Amino acid sequence: MTETYTKILITGGVRCGKSHFAEKLSGQLGKNVLYLATSQPLDDEMRRRIDEHKKRRPFHWHTLEEPIETSKTVKESAQGYDVILVDCLTMMLSNWLLANEMMEERMNHFVDAIQHASCHVIMVTNEVGWGLVPEHPLGRQFRDLAGLFNQKVAAISDEVYLMVAGIPVEVKQGHSFTSHY
């Protein structure tokens, strides 16, 4: 009998409790957790945010900081863990965009890695399209890519939660949606 692994996407605005909820779910799904961090500590403010996240994690979780090669990391690491927590997809997308990566190819490789991962995968992302239209073309490109990427990941996820003021709202639970992706 083949074990079934759950893929969960958690989305919402900034500082709405996405990571905290993802960490809680990860601990419920398994003890052997890989926290796949995609942020890069490029300034003091980001270093403080990363430190806050590190302080919340159980000491026995393994953390791997990988801003670009996340698909490869998921493929190589899945069998060694109960859960992989990827935090966060929009930061990863930003890293790819700034590195002039082939965006569609990167997104598709990530989705494929998640679909075939032989462990539970929890992913955190941001809803960036609910605010003002960015003034600069790069900002608009990022917003559009984030929306597309979130759709792709949500389509293959078993569960999707929208965090609103620290409260998880279930958007998708065990439904089988047909997607054009």
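Trainee: Is the crossing of α4 and α5 left-handed or right-handed?

Mentor: First, the ground rules: this is a predicted model, where local features need pLDDT of at least 70, side-chain atom pairs count only at pLDDT 80 or more, and totals for chains, interfaces and linings use all residues. Residues are numbered from 1 along each chain as its sequence is written, and side-chain values use heavy atoms, leaving out hydrogens and water.

Mentor: A crossing is left-handed if the near helix is turned anticlockwise from the far one by less than a right angle, and right-handed if clockwise. The crossing of α4 and α5 is right-handed.

Trainee: Which residues of α4 and α5 make the contact?

Mentor: Contact means heavy atoms within 4.5 Å. From α4 come Leu 89, Met 92, Leu 93, Trp 96 and Leu 97, and from α5 Met 103, Arg 106, Met 107 and Phe 110. Eight of these residues are nonpolar, none is polar and one is charged (Ala, Val, Leu, Ile, Met, Phe, Trp, Tyr, Cys and Pro count as nonpolar, Asp, Glu, Lys and Arg as charged, the others, Gly among them, as polar).

Trainee: At roughly what angle do the axes of α4 and α5 cross?

Mentor: Two packed helices are described by the angle between their axes and the distance between the axes. Here the axes of α4 (residues 89-98) and α5 (residues 103-115) cross at roughly 145° and come within 10 Å. Axes are lines fitted to C-alpha atoms, for helices over the stretch in contact, with angles from 0 to 180 degrees between N-to-C directions.

Trainee: What is the strand order of the open sheet?

Mentor: Its seven strands run β3-β2-β4-β5-β1-β6-β7, with mixed pairing. Helices (H or I, at least four residues) and strands (E, at least two) are DSSP runs, numbered from the N terminus, and two strands pair if DSSP finds at least two bridges between them. The edge strands, β3 (62-65) and β7 (167-173), each pair on one side only.
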